[in-house]
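Hi,

Here is the structure I promised to pass on.

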Amino acid sequence: MTITTEKAPLNGVDTPTLFATRDAVKQQNEIAKFQFRATNTWVTGTHSRSTVSGFYGAMQEMQHVRSTVVDADHPAVLVGEDNGPTPVEYLLHAIAACLTGGIANIAAARGVRLTKVSSTVAGDIDLLGILGLSDGTVRNGYEQITVTFHIEGEADDATLRDIVEQSRRRSAVYDVLTNPTPVVIDVVTG
């Protein structure tokens, strides 16, 4: 008689699949090439709506289980109607979500059970830049982003801090925010 036991997910992470994916990519690097996409449509004023649905990954076109629609706008103080977060606020969500997902995966891979992970993210921005009032001396984007994690789990403080640090080192969003990324803008008129 053969008894098969499945390893229960740790921190909600299917670690056998995580390791299998890593091993598959190690054997065939081409499956690591992904392209994520979003479409955006202007609604009115500073309000626009993006849809995230399809992407390319693992050498094939794929679809998310469900499309996600998000609105972006500016608050009234910035000439909007506050129909959604500002685009720069989505960056705060992106860095928090990317680091948190990494923390869960890394902790699970190391066999560390997490009991709490939360963060507060703040971005300091001086609007003199985007309003064109600084003669180019003030950047348009964030001057600094600060992420503060509160993390608890079945490990000592040094191990938990190391998990967060490894997540930072492997974070795609952290990389995009801290290293120049070429952005190509094509315009089609008519």
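The thing I'd start with is how two of the helices sit: H1 and H2 are roughly perpendicular to each other, since angles of 65 to 115 degrees count as that and their axes cross at roughly 95 degrees. Those axes come within 10 Å. On the H1 side the contact is made by Thr15, Leu18 and Phe19, and on the H2 side by Asn105, Ala108 and Ala109. Sorted by type, the contact residues are four nonpolar and two polar, with no charged ones. Do keep in mind that this is a predicted model.

More on H2, then. Helix H2 covers residues 87–109, so to speak, with 23 residues in it. From first C-alpha to last, H2 reaches 33 Å, close to the 33 Å expected at 1.5 Å a residue. Quite a few of its side chains are tucked away: the buried residues of H2 are Leu92, Ile95, Ala96, Leu99, Gly102, Ile103, Ala104, Ile106, Ala107 and Ala108. After H2 comes Gly111, which has a positive phi, near 80 degrees.

Val173 lies in helix H4 and touches Ala94, Ile95 and Cys98, leaving aside residues up to four places away in sequence. Ile95 is also on the list of buried H2 residues. Val173 itself has a relative accessible area of 21%, so it is partly exposed.

Strand E2 (residues 39–44) is another story. E2 is hardly covered, and the count of buried residues among its six residues is zero. Its partner is strand E3 (residues 47–57): the two run antiparallel and five bridges join them. Thr44 stands opposite His47 in E3. Together E2 and E3 form a hairpin with two residues between them, and Gly45 in the turn has a positive phi of about 55 degrees.

Last one: is Gly136 buried or exposed? Gly136 has its place in the loop between E5 and E6, and at 70% relative accessibility it counts as exposed. Gly136 and Gly12 are 124 residues apart along the chain, and 47 Å separates their C-alpha atoms.

Cheers

Definitions and conventions: Residues are numbered from 1 along each chain as its sequence is written. Side-chain values use heavy atoms; hydrogens and water are left out. Helices (H or I, at least four residues) and strands (E, at least two) are DSSP runs, numbered from the N terminus. The expected span of a helix is 1.5 Å times one less than its number of residues. Buried means under 20% relative accessible area, exposed over 50%, partly exposed in between (1.4 Å probe, protein chains only). Axes are lines fitted to C-alpha atoms, for helices over the stretch in contact, and angles run from 0 to 180 degrees between N-to-C directions. Angles under 35 degrees count as roughly parallel, over 145 as roughly antiparallel, 65 to 115 as roughly perpendicular and the rest as oblique. Contact means heavy atoms within 4.5 Å. Ala, Val, Leu, Ile, Met, Phe, Trp, Tyr, Cys and Pro count as nonpolar, Asp, Glu, Lys and Arg as charged, and the others, Gly among them, as polar. Two strands pair if DSSP finds at least two bridges between them.
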